[in-house]
Amino acid sequence: MVGGEAAAAVEELISGVRRATDFAEQFRSYSESEKQWKARMEFILRHLPDYRDPPDGGGRLDQLLSLSMVWANHLFLGCSYNKDLLDKVMEMADGIEVEDLPQFTTRSELMKKSYWDIGGHNTS
């Protein structure tokens with residue numbers, strides 16, 4: 001019966017997604033909002049197959065978790081990092097949609113403005 005096989009395949013897929021989500025849940029930080037966690041969990045789950053720790057250890061999962069935090073910190077907190085690192089995490093996150101992101105002014109953008117543009121007073 002083809003219908004039964006399809007239903008079993010769908011159930012197996014759903015079960016796999018639940019296990020992956022449950023596995024990722026242990027890495028949620030207590031300070032992450034639901035929106036931040038959903039985005040970071042999507043980042044983690046997307047790359048988890050490529051970062052599973054080898055049997056002899058190796059810390060690949062730690063590397064993925066660190067990359068996910070770099071991405072989330074940049075996105076939600078405005079943290080800046082080395083250009084190569086940011087390029088890597090932004091490429092890894094390509095296609096992950098996050099709505100209503102905060103807007104930040106970088107230090108270099110502030111430095112480009114003159115003293116007068118950021119609140120200096122002309123005494124003449």
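1. The largest pocket here has a volume of about 230 Å³. A pocket, on a 1 Å grid over the protein atoms alone, is an open set of points where a 1.4 Å probe fits, with protein on both sides within 12 Å along at least five of seven lines. Grid points are joined across faces, edges and corners, and the volume is the space filled by probe spheres set on those points.

2. **What lines the pocket.** Lining residues have an atom within 4 Å of a grid point; among them are H74, L75, C79, L101, F104 and R107. The lining splits into five nonpolar, five polar and one charged residues. Here nonpolar covers Ala, Val, Leu, Ile, Met, Phe, Trp, Tyr, Cys and Pro, charged covers Asp, Glu, Lys and Arg, and the others, Gly among them, are polar.

3. **Before you read on.** Keep in mind that this is a predicted model: local features need pLDDT of at least 70, side-chain atom pairs count only at pLDDT 80 or more, and totals for chains, interfaces and linings use all residues. Residues are numbered from 1 along each chain as its sequence is written, and side-chain values use heavy atoms, with hydrogens and water left out.

4. **Overall build.** The chain has five helices and zero strands. Helices (H or I, at least four residues) and strands (E, at least two) are DSSP runs, numbered from the N terminus. Of the 124 residues, 24% are buried, meaning under 20% relative accessible area; exposed is over 50% and partly exposed is in between (1.4 Å probe, protein chains only).

5. **The core.** The largest nonpolar core holds 23 residues, and F43, L64, W71 and V98 have the most contacts inside it. Helices α2 (34-47), α3 (60-77) and α4 (83-92) each supply at least two of its residues, with α3 giving the most, at nine. Such a core is a set of buried Ala, Val, Leu, Ile, Met, Phe, Trp, Tyr and Cys residues joined through side-chain atoms within 4.5 Å. In soluble globular proteins, nonpolar side chains tend to be buried together.

6. **W71.** Have a look at W71 in helix α3. W71 counts as buried because its relative accessibility is 2%. Beyond its neighbours within four places in sequence, W71 is in contact (heavy atoms within 4.5 Å) with A39, R40, F43, V89, M90, A93, I96 and V98.

7. **L64, H47 and Y51.** Setting aside neighbours within four places in sequence, the contacts of L64 include F43, H47, Y51 and M92. H47 sits in helix α2 and is buried, since its relative accessibility is 12%; H47 also touches M92. Y51 lies in the loop between α2 and α3, and with a relative accessible area of 8% Y51 is buried too. Y51 and Q63 are 12 residues apart in sequence and 7.7 Å apart in space, C-alpha to C-alpha.

8. **Helix α2.** This helix has 14 residues and reaches 20 Å from its first C-alpha to its last, close to the 20 Å expected at 1.5 Å a residue. That expected span is 1.5 Å times one less than the number of residues. Its buried residues include W37, R40, F43 and I44.

9. What is the phi of D100? D100 has a positive phi of about 55 degrees, although it is not a glycine. Most residues other than glycine have a negative phi. D100 is in the loop between α4 and α5 (107-112), and D100 is exposed, with a relative accessible area of 66%.
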